Amino acid sequence: MMEAINTSLIDWSRAQFALTAIYHWLFVPLTLGLGVVQAIMETVYYKTGDDFWKKTAQFWMKIFGINFAIGVATGLILEFEFGTNWSNYSWFVGDIFGAPLAIEGIVAFFMEATFIAVMFFGWNKVSKGFHLASTWLTILGATISAFWILVANAWMQYPAGMQFNPDTVRNEMASFWEVALSPVALNKFFHTVLSGWIIGAMFVVGVASWFLLKKRETKFALASVKIGAIFGGIACLLSIWTGDGSAHQVAQRQPMKLAAMEGLYEGREGAGLVAIGLLNPAKTQHDDNKDPFLFKIEIPKLLSFFAERDINAYVPGITDIIEGGYRKKDGTMALSAEEKISRGKLAIQALADYRAAKTDSLKQQARATLDEHFQYFGYGYIKKSSDLIPPVGLTFYTFHLMVILGGFLLLLFAVATYLSCKNKFENKRWLQWTCLISIFLAIIAGQAGWVVAEVGRQPWAIQDILPVSAAISNLSAASVQVTFFVFLALFTVLLIAELKIMTNAIKKGPQID
Amino acid sequence: MAKNIAIRIFRFYWDGFRSMTIGKTLWMIILIKLFVMFVILKIFFFPNYLGKFDNSSDKQEYVSGELIQRAINP
């Protein structure tokens, strides 16, 4: 008899994956954002021929290079973890997950790797135009790389374009384009890349502000602030649009996540969006009739609009999703969690029957049952309906933190743009300090976004199809704990090395003045 | 002609790497990191869990058994 999977193993494996992803996500957004800023500066150099812009672009390119070098290949550790800690998942999704990752590795990474050499070594060796094209192609390669990774992640949030094969026990790709161009994938790509642009822009404005505080490299710093602030402001505005798209997609595909993001337990028509709120820690059950909030300020009807593009639309809450019985947009009645669990068990039993069947007719019968209920397959592993509720507090607070910080950064970029265009930024020391500190706020906002996306979809590894309890390998929790701390030590050392090298390079400055 | 291009590309990279200043430290960090990842972590801490099976058929049997049993004995 197989040993039961304990929650400690799941928690440590998730913690290890989260640690790796958080570490990886320190580098990726800076690569995406800083890359565009330096390319813009080189474009100005190409247009004007002014050596100042060349030195400015070269300085940011050096910082980009340090970040790129330290961050390179950290994402590979996530792939190791898939193979070791999440082997059932890896087998179950192999064909679909493998394709975007392979494209990422072959096309985008090699594109990035080829042109990055010209970008760093090619100054004064290739023409200005070719060098500029290489710089943009490096950034394009990095961005395409991000696209394929995000396609893979989006498929976990919204599994589309596949067919489950009970013979191989794998999901096989039925439509490449449904996987690559799913609305969730496209929206996730734009929203994530824009968050990278914001972090990169904030980094440029913050570091340039440090030079102004030190009264060094003034011309360089003011030029960097202006370009960074304009670029960051545009990215913030666009991210409002993609954020709205994300909320809409979550409402359509992952209503439980949306309910957790908003602390919405009881669904209603014309639901308001909680702008600021304090959750009631005494509320521990979805059906305990306690008020979920100690305090909240709500914007009337806005959640209904984000979710359904209709200010009077019904938005289900956590209790409604668990109990079912409400009418969905397509006119059908929502099933209760218990009903989904029953159907999931039927699907899993059908898989067992299919694999044990000795005759074609028995196989066909089992296959028909499996196909009918496969959309609920993962529910068969759920022990009790309340296990379907993600951690509401963490999801709610990280979502609101991300939104509030996003709003703050938009305001900051707007003020910085205005003052730098009016040549008044140089004397505003309070603003320079704010910009410097805000580098960390931008990073926190980006990380919070990932926490919302990944914690908010628990307990699923693949939405509705496979929970983490079934996806995980049958390892000992102790071995995962050991690797967690090995990683923590390794990442800490690397991070210290990066910060030391990067701060030394920044302190040295572009040496233009 | 092709040989000439290959030599020029080689020299491009050679001169580029030689003229690096901070890059040498970064390359050292990258090499140490790749060594730690691929030689230490991958081999000792992160073996392919399903790699113990000889063929796809055995992997299918194992994963299907896991998926079915975990629903019965969660």
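This is a predicted model: local features need pLDDT of at least 70, side-chain atom pairs count only at pLDDT 80 or more; totals for chains, interfaces and linings use all residues.
User: How should I describe two packed helices, and at what angle do helix 1 and helix 8 of chain A pack?

Analyst: Two packed helices are described by the angle between their axes and the distance between the axes. For helix 1 (residues 7–48) and helix 8 (residues 218–253) of chain A, the angle is about 125 degrees and the axes are 11 Å apart. Helix 1 of chain A and helix 8 of chain A are therefore oblique to each other, and their crossing is right-handed. On the side of helix 1 of chain A the contact is made by Gly33(A), Val36(A), Val37(A), Ile40(A) and Met41(A), while helix 8 of chain A brings Ser224(A), Ile227(A) and Phe231(A). By class, this contact of helix 1 with helix 8 of chain A has six nonpolar residues and two polar ones, with no charged residues.

User: Which residues make the contact where helix 12 of chain A meets helix 3 of chain B?

Analyst: Here the axes of helix 12 (residues 337–356) of chain A and helix 3 (residues 56–72) of chain B come within 10 Å and cross at roughly 140 degrees, in a left-handed crossing. Helix 12 of chain A contributes Lys345(A), Ile348(A), Leu351(A), Ala352(A) and Arg355(A), and helix 3 of chain B contributes Gln60(B), Glu61(B), Ser64(B), Leu67(B), Ile68(B) and Ala71(B). The classes in this contact are six nonpolar, two polar and three charged residues.

User: How many aromatic pairs does the structure hold, and why is the pair of Trp60(A) and Phe203(A) called edge-to-face?

Analyst: A pair of aromatic rings is described by the distance of the centres and the angle of the planes. The structure holds 42 aromatic pairs over all chains. In the pair of Trp60(A) and Phe203(A), the ring centres are 6.4 Å apart and the planes stand at 70 degrees, so the pair is edge-to-face, planes over 60 degrees apart being counted that way. Because Trp60(A) lies in helix 2 (residues 51–71) of chain A and Phe203(A) in helix 7 (residues 183–213) of chain A, the pair ties together parts that are 143 residues apart in sequence.

Note on methods:
Residues are numbered from 1 along each chain as its sequence is written. Chains are lettered from A and ligands numbered from 1 in the order in which they are written. Side-chain values use heavy atoms; hydrogens and water are left out. Axes are lines fitted to C-alpha atoms, for helices over the stretch in contact, and angles run from 0 to 180 degrees between N-to-C directions. Helices (H or I, at least four residues) and strands (E, at least two) are DSSP runs, numbered from the N terminus. Angles under 35 degrees count as roughly parallel, over 145 as roughly antiparallel, 65 to 115 as roughly perpendicular and the rest as oblique. A crossing is left-handed if the near helix is turned anticlockwise from the far one by less than a right angle, and right-handed if clockwise. Contact means heavy atoms within 4.5 Å. Ala, Val, Leu, Ile, Met, Phe, Trp, Tyr, Cys and Pro count as nonpolar, Asp, Glu, Lys and Arg as charged, and the others, Gly among them, as polar. Rings of Phe, Tyr and Trp (its six-membered ring) pair if their centres lie within 6.5 Å; planes under 30 degrees apart count as stacked, over 60 as edge-to-face and the rest as tilted.
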